[in-house]
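Please look at the structure first, and then follow the questions.

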Amino acid sequence: MSDLHSSLESPLEKQSLEDSELPRNTNTIRVHWFRSTIFQVLVVGGVFFCAPGMYNALTSLGAGGLASPWYANATAAAGYGKYHRNRKCYAGSLYLNSKNGTQWFLMLGSILSGCTDGLMYAVEGPIITSYPEPDRRGRMLGLWVFMRSAAPVIGGAIIFGLNSKLDSSGGVSLQTYLAIIGIMCAGPFVALLLSHPTKVQRTDGVKIQFRKMGWNQTMLEWAKVLSCKEILLLCPLFFTSWFYGSYIGTLQTQYFNVRTRALCAFIIPWGDIIGGFSIGYFLDSKRFSVKQRARASFIFLMILNLALWVWAAIITKQLEDRKPVIDWSSELFGRTFSLFIMFDLATMATQTCLYWIIGHMSNDFIVLSYMTGTLRGVECAGQAVAYGIKSSDTTDWLSIGLNVGLIVLSLPFSWAVIRKIGDPDFKKITFDDSSKDRDMKTDA
């Protein structure tokens, strides 16, 4: 596949200048605000604000705000095993479980929602990677992260306000779920504001390349992209990118009282915002080449992630020795709370960097949908395994060891791809429209 090298005559040649570090045309074209790339990113962010963001607000409580983490982790494993979940259904099942102890609906809701959300994630990825202009891609990813993370902040404020007086361990109040579900219901209406790719207007004048295909051709192209060497090499890093969540959520449920978990739901998402914007601005920096930005961000983020797991091991030992119920006035609160914030910062920065890297591997909207869909699918498989491990009272050291081992295992494979980003000889993946079978090729 990758030996079919040729140049693609299209307006996308302008975009390839960014990767070869040639001078850019500084002239910008006026666009209609409704069709602008920033508005499209805001719409995607708005949808995620209502659905996954509010779900994340619940998960920031640990175990979806329930009193016991084990069954919640089992249902999370089932949902991620079905790719991703419909958040309203899952939030509703959490409400009924908290009110009546109904466990079967919690599992059913997670499985049903896991069968539906893949479409949303298949659309999200190519929009945030292919729509923004090359010199604003990092900041647009940061904006997307902000919109996603603003939901847990606002949802966390609601949760904190409803639970701030509960200084005991256990589940959150029932009103918490009702407030979150109400916000989730606005998501479909926000989605109606999204423009079709062919109608999007970019300030550099480059059109979004969108190809219409049938299901057979789509599956064939997806299979070719999935078997591409670069994507296969990145899969171990995709798998481990969100592996930490089940461990951190379980720690919160085991050791934090309700009002402190509610405070976590309000404050911790700020780590996501800081991480997304910080790495986004660096990735758009003109002081360094694309190659330097890709390598420096990857090295820094991998060192940071490994350092956090050393910190987590120290905290875990202290928690196991003392068996505390942590309130915000407790001695152990500061060191555990700051660890949770740093984990969110590092994870969202890593996620933003991964999307930025994928955005440099193709200019084709459809190909990017395959790539980002693969990223989402593989990371969900990782989450399914991680939550499955914590669906019973397994030792915390198993989770720590697996997280460290998976990061270390992924390093040589992902580096083989990272070191090529920004290299003039690196060939972008696209498909030849002139061929009936649309042969996969690489485009300089």
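The questions below concern a predicted model, and each answer sets a value against its cut-off.

Q: Why are helices α16 and α19 called roughly antiparallel?
A: Helix α16, residues 290-322, packs against helix α19, residues 396-418, at an angle of about 170 degrees, with the axes 10 Å apart. Angles over 145 degrees count as roughly antiparallel, and α16 and α19 are therefore given that name. The residues of this contact divide into 16 nonpolar, 4 polar and 4 charged.

Q: How many aromatic pairs does a search of the whole structure find, and what makes the pair of tryptophan 242 and tyrosine 244 stacked?
A: The search finds 17 aromatic pairs. In the pair of tryptophan 242 and tyrosine 244 the ring centres lie 6.3 Å apart and the planes stand at 25 degrees; because rings pair if their centres lie within 6.5 Å and planes under 30 degrees apart count as stacked, this pair is stacked.

Q: Why is the pair of phenylalanine 256 and phenylalanine 340 called tilted?
A: Their ring centres are 5.5 Å apart and their planes are at 50 degrees, whereas stacked requires under 30 degrees and edge-to-face over 60, so the pair is tilted.

Q: What makes this a pair that links distant parts of the chain?
A: Phenylalanine 256 sits in the loop between α13 and α14, while phenylalanine 340 belongs to helix α17, residues 333-359, and the two are 84 residues apart. Both phenylalanine 256 and phenylalanine 340 are buried.

Terms used
Residues numbered from 1 in each chain as written. Predicted model: local features only at pLDDT ≥ 70, side-chain atom pairs only at ≥ 80, totals over all residues. Heavy atoms only, no water. Axes fitted to C-alpha atoms, helices over the stretch in contact; angles between N-to-C directions. Helix = DSSP H or I, 4+ residues; strand = E, 2+ residues; numbered from the N terminus. Parallel < 35°, antiparallel > 145°, perpendicular 65-115°, else oblique. Nonpolar A, V, L, I, M, F, W, Y, C, P; charged D, E, K, R; others polar. Phe/Tyr/Trp six-rings, centres within 6.5 Å; stacked < 30°, edge-to-face > 60°. Buried < 20%, exposed > 50% of the residue type's maximum accessible area, 1.4 Å probe, protein only.
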